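Visitor: I would like to go through this model and ask what stands behind the words used for it. Could you take the questions one at a time?

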Amino acid sequence: MELVLALVIGVLFGTGTFLMLRRNLIRVVLGLGLLSHGANLMLMAGAGVPRGRAPILGAGAGAVVDPLPQALVLTAIVIGFGVTAFLLVLAYRHIATFGDVDVLGTPMDPAPARVQARAAADGERTVAGRAASRPAGAPGGGGDFR
Amino acid sequence: MAFALGMGLSILAFLALLAGAGPQVLAGRVVAWSVPWMPSAGVNLSLYIDGLAWFFGLLVSGIGALVFTYASAYMHGAERVNRFFWYLLLFMVSMLGLVLSGNLILLFVFWELTTVSSYLLIGFNYERPEARAGAQRSLVVTVVGGLGLLAAFVLVLLATGSLEVADLLADPAALRGHPSYGAILALLAFGAFTKSAQFPFHVWLPGAMEAPTPVSAYLHSATMVKAGVFLLARFLPLLGGTLPWLLVVGLTGVATMLAGAYLALSQRNLKAFLAYTTIGQLGVLTGLLGLGTLPAVVAAMAQTLNHALYKGALFMIAGNVEHGTGTRDLGRLGGLARRGMPRTAATALVVALSMAGLPPLLGFVSKELILEAAFGPGAHGWASAVFVLGLGLNGALNLAAAVVLAWDLFFRRSRVTPPHQPHEPGRAMAAPPAVLAAGVLGFGLAPALAERVLQPAVAAVAARPAGFHLELWHGFTAELAVGLLVIASGLVAYRYLALLVAPARVWPPALQPIGWYEALVGAVERGTRRLNDLVQHRPLRHHLTVVLLAAAGFLWVTLFLHWRVLPWGQWSPVGPEFVVVAAVVVAGALATTLLRTGLGAILSLGVVGYMVSLMYVILQAPDLALTQLLIETLTVVLFVAVFAFLPRAALRWAGSGYGSRGADLAAAGLVGAGAAALALLAVTEPVFPRISDYFVANSLELAGGKNVVNVILVDFRGLDTMGEITVLAIAAAGVFALLRLGKRGSQG
Amino acid sequence: MSSPLVFLPVLLPLLGGIVLWLARRSLGVGRWGSLALAAVTLGVEVALLGLVRARGVQVMFAGGWVPPFGITLVVDLTSAIMLVVSGIVGLCVLGHAVQTLDPDRERHGFYALYQFLFMGINGAFVTGDIFNLFVFFEVMLIASYALVSLGSEPGQLRGGVHYLVTNLVSSTLFVAAVGTLYGLAGTLNLADLAVKVARAPDPAVFTIPAAVFIVVFGVKSALFPLYFWLPASYPAAPLPVTAVFAGMLTKVGVYAVLRVFSLVFTHDPGYLHAALLVVAGFTMLLGVLGAVGYDNWKRILSVHIVSQVGYMIMGIGFLSVAGLAAAIFFIVHQILVKTALFLIAGLAERATGAYDLGEMGGLAGRYPVMASLFMVAGLSLAGVPPLSGFFGKFLLIRAGLAQGEVAVVAVAIVVSFFTLYSMMKIWRYAFWGEEKPAGLRPVPAALYLPAAALVAFSVVLGLGGEALLVLSQQAAAQLLDGTAYVMAVLGAR
């Protein structure tokens, strides 16, 4: 059982990693989802292989499994949901603003031309002397899609 | 206010040293005083006035008073003049603190403060690009040296257990025999060399002439550059007398005395000309201290006095010349004695003669001493030849420089016309250099007086009561003969000056230390920009690759080194239902990765989530399974909603491929395998009893709940649950703000 | 010593945050209420420090459950020092924020999120439980995610995604590492973990989760090579947000390293702490070189954070009283000075409307106070005496050389030069030169107050550093010994 569990966790981490390294923001979020499933299972694995029944007292005799990791995973799941929800909305705003699911460079980039055109709506200044100022809402500017 | 404070303080310090500490020091005693500052770090506010500190303290405060006087007139009507005097005050106080410190870290504090205050002073006219660049250069060079000095002091502390100068001098042999002697010597000498503008760290000193002239007068005579000399003198009894000391300090001094004196003659700007002669003289002082014999120490102290007096005066005269003529271009100045500046010319003549080392001035006394030291019994025979040659050549070139300053500038007939009709400065600007000129004359005519002042300093540096005698006239000695030879060669050098300096004029900048400095700074500026483009200005996926590979790499190295602790072999039986569910999870995860359509991938993620929920059932966690089911449903709905609300155009993949899949696959494999190994470790039985046994045993009795997981959540670990709810609430608040703010028209 | 006071630094921001959220439409309540709350919290934290100094380690058993079963909150000297510093930063940055923030952000929950952020920060400082540490990390992070993107400007969105995704990876690894650690030790309480790791028949097994924790905390505290998210996201946020992040967030990560690697994982310093030293060296160096390569005030300062974190990790890596004391001293200095520098950047922005050094100049002429504040803070950051940064640096160098760690100390020394170089770059272009831009605006005196207060701390900590040094040494001794902490939590067992 240990090996199967480890394998599942390994696959979840591996596929999650691969997805996170995509340029498509939605896939990055999907990858994080897989990764956190893997992490939750890892936390659950801390309980060891189940040698008993569910930790509900009075429902039968005999040993029960370790209840603590279950509580921890529950907490982790809920926290993870909150964060994922926020990330999703952030991704939504990101995609809506730049009109592209491509994860753009960082705000500090002297970005490639395609990105620069989309980011022009920032009006934000890059390193001295390389001011990328383009009137907001100009044709090709990022805000056109909303 | 700052002016009054500075003036008052310098006079007060001078009198206090003279009258207060003077009798003690002259009697060969040390005035010491100490209060704890950061005793836990070994740092105390200690005062240590021995002969050396006393001598330097008098120079700093005495010349300080003259500089303040001079500056009061020179800076009259300038912008930000109050700020100027604050900086100057800080400069003086730091230098005074530096020489009087009895604790190495305290000394370092003042050392760095001289750096900072000189930076502010050099860049005082900060609208000028040259001033900014000069200030920056002085800061860069001296700070680098300061860091070396700090490291040296820490090593001294570790070697001897004390930072107190008194403790160190009490056991002068302790450092010489210590294993870190070499490192201490190298770092300390580096610090001193940068401050004292030794070759090739002299690059900052010519740029420092951008400071207002009173500052230059001070910086070149008694402060800043003399700090390095002071430091070497302070450590001579502790580190000197060895071959490494002679090689490092002595040879650097010789190189500097030649380079400085020679390069001075090629300068066209009066202040730059003076700056390079300073470098040459700093080389002489450093070289003498490097030689380290008693005559060398005597000569070094005498020449320190001489140089402080004449160089301070020369810079003030340079200021007066510029004030009177409107230029400091040597090509446009000449014959000023007959053109309205006779009094300035007289002062200049006196100090230039002392600079040249001619009788009856102090410079003659010290030059005789220098030659005596060069011929005197050194520790190593070959050193004598090097020093004789170096000091002799320096003397000759220096004499040529003095001739330029006195003869060309003031007395030789000249047809060039300065921008203004030359005129004498006011009294406040004429008096300070005259006082200094009187000093070189007075000390020259009454060498006994100089002897009295220098005696304690020499005793402190030589670490023994020094018996020496200063005289103006030694009789017909070998030194006198060599001295005459030096004068003769100096005059020859002056005669063929143009020929002599021609190589320096055409020497390419790339082969000069200043060129090296510029190249280095340029390389740093370009290199760091390159570095940022290379590592920082990257898309998210590159940074994530680095993070994930680093994580997996570190985990794998650790696993590799601790391979034996991994559990292997005792596996529990596995039910078919678990294998089936596991297989579906794997399939779902792969589908999420591979499916081309967004919706398909999202739904696959949902399948994975539901299967994970089933796994929780099999792992005997029903509550968890339910929660997972609920949360997964919500997540999928959210995903789909985001998908639905976004414009189709935005979702269409327009990117140009995925880049290198190979690296991604490698990262995925490493991370996945690492996680699997970690999971194997997690799933083993712990060596110690689990704390959860307590929960099972006490859940019903103490907390009144049958469902242990629930009891843990709401009771045993209620704080986690509180945090969890807070996270949800904050996420909701954040989402609210995210959706509401930043739309067109309401841009924040 | 059991004391409910321990919980207040968490509870006050939580309750205050709720109230401020509900009253978010009212700017008056938001500004004055949050200032008052921050002041009260600081008061509590100072009182707590006094209590710990007088009576030793303070604990609180959440829900009354005895350790190691329930969650224990523990405040030793290190925690108390961190809490006080967090209180000072919280108050000062808020003092800047209420004067500069745009009403839109204020009305959309800035003050509430700000308090929640401090709830997470303070929670991380007081908790004595590894999973609870994760929870408080998440509280802090979710609040920071919301703050970094508050306003939804394009730059913020891009930086926000970068920041969020990287930190989520680290959070995921945190969960995995806790799972492994629990699977091995069967406990979550830090004191209990310390005892069990020390007593384990083969402690080498704990080196593996410890390595994962280095990565987890390494992302949070921006260590090499995990720091790239920081320069990518911090400069995009509004200045008060950047300032408080710069001051506190990475330091929570550093605190976690300090706590966990001086209390729990001390079984294999030859590998774990050696790794920390290597990482520290690269972190210092790359951080400062990155900073030198920018011409924008906010960016230079942001990248600097990375470099300075390296110094702290170096002190922790020494794993000696001298090293840890130096690290604690340095952390305190660094938090205050770095925050001050950001607030001064805010002053310059108020005057010039820019952060780009190319767009400003000659400020020293018309803003002498601003110039003096920057000069002092910048020199302090670079470790020029007699300011606090110098003593931090001196103590670190001394601790390192005493242990023969020449290489990493050499790096630290070189880095401190580049630190000064980059500070002087700001000085040279912003404060020197011809005055520009043309329409310089006046800066209200009240806006100087928070920055001046922080700069004053640096001066005081330099000239009167003995008090903090003694405190740091006591805290370090307490950390390294561990028995006081373990005894306070687990009792005499």
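Predicted model: local features only at pLDDT ≥ 70, side-chain atom pairs only at ≥ 80, totals over all residues.

Guide: The model scores ipTM 0.93 and pTM 0.93.

Visitor: How do you know what confidence chain C carries?

Guide: Chain C has an average pLDDT of 93, and 99% of its residues score at least 70. The pLDDT scale runs from 0 to 100.

Visitor: Why are helix 12 and helix 13 of chain C called roughly antiparallel?

Guide: Helix 12 (residues 272-292) and helix 13 (residues 297-318) of chain C pack at an angle of about 160°. Angles over 145 degrees count as roughly antiparallel, so helix 12 and helix 13 of chain C fall in that class. Their axes are 7 Å apart, and the crossing of helix 12 and helix 13 of chain C is left-handed.

Visitor: Which residues make that contact between helix 12 and helix 13 of chain C?

Guide: From helix 12 of chain C they include H273(C), L276(C), A280(C), M284(C) and G287(C). From helix 13 of chain C they include I300(C), H304(C), S307(C), Y311(C) and M314(C). By class, the contact of helix 12 with helix 13 of chain C has 15 nonpolar, eight polar and no charged residues.

Visitor: Where do helix 3 and helix 20 of chain C meet?

Guide: L77(C), T78(C) and I81(C) in helix 3 of chain C meet L471(C), Q474(C), A475(C), Q478(C) and L479(C) in helix 20 of chain C. The residues of this contact divide into five nonpolar, three polar and no charged.

Visitor: Why is L319(C) called buried?

Guide: L319(C) has 20 other C-beta atoms within 10 Å. The cut-off for a buried residue is 20 or more, so L319(C) counts as buried. L319(C) lies in the loop between helix 13 and helix 14 (321-352) of chain C.

Visitor: What is the phi of L319(C)?

Guide: Phi of L319(C) is near 50°, which is a positive value in a residue other than glycine.

Visitor: What about M224(B): why does that residue count as buried?

Guide: M224(B) has 27 C-beta neighbours inside 10 Å. With the cut-off at 20 or more, M224(B) is therefore buried. M224(B) also has a positive phi, about 50°, although M224(B) is not a glycine. Its place is the loop between helix 9 (213-221) and helix 10 (225-239) of chain B.

Visitor: Which omega goes with the cis peptide bond joining F199(B) and P200(B)?

Guide: Omega of that bond is about 0°. P200(B) lies in the loop between helix 7 (181-195) and helix 8 (204-207) of chain B.

Visitor: And is the peptide bond from P385(C) to P386(C) cis or trans?

Guide: The bond from P385(C) to P386(C) is cis, with omega near 0°. P386(C) lies in the loop between helix 16 (368-381) and helix 17 (388-402) of chain C.

Visitor: How many helices and strands does chain A have?

Guide: Chain A has four helices and zero strands, and along the sequence the pattern reads α-α-α-α. Of the 146 residues of chain A, 68% count as buried.

Visitor: Which residue numbers describe the contact of chain C with chain A?

Guide: The contact takes 37 residues from chain C and 40 residues from chain A. On the side of chain C that touches chain A, the largest share, 19 residues, comes from helix 7 of chain C. That side of chain C has 20 nonpolar, twelve polar and five charged residues.

Methods:
Residues numbered from 1 in each chain as written. Chains lettered and ligands numbered in written order. Contact = placed C-beta atoms within 7 Å. Helix = DSSP H or I, 4+ residues; strand = E, 2+ residues; numbered from the N terminus. Nonpolar A, V, L, I, M, F, W, Y, C, P; charged D, E, K, R; others polar. Axes fitted to C-alpha atoms, helices over the stretch in contact; angles between N-to-C directions. Parallel < 35°, antiparallel > 145°, perpendicular 65-115°, else oblique. Left-handed = near helix turned anticlockwise from the far one by under 90°. pLDDT = per-residue confidence, 0-100. Buried ≥ 20, exposed ≤ 12 C-beta atoms within 10 Å, placed from the backbone.
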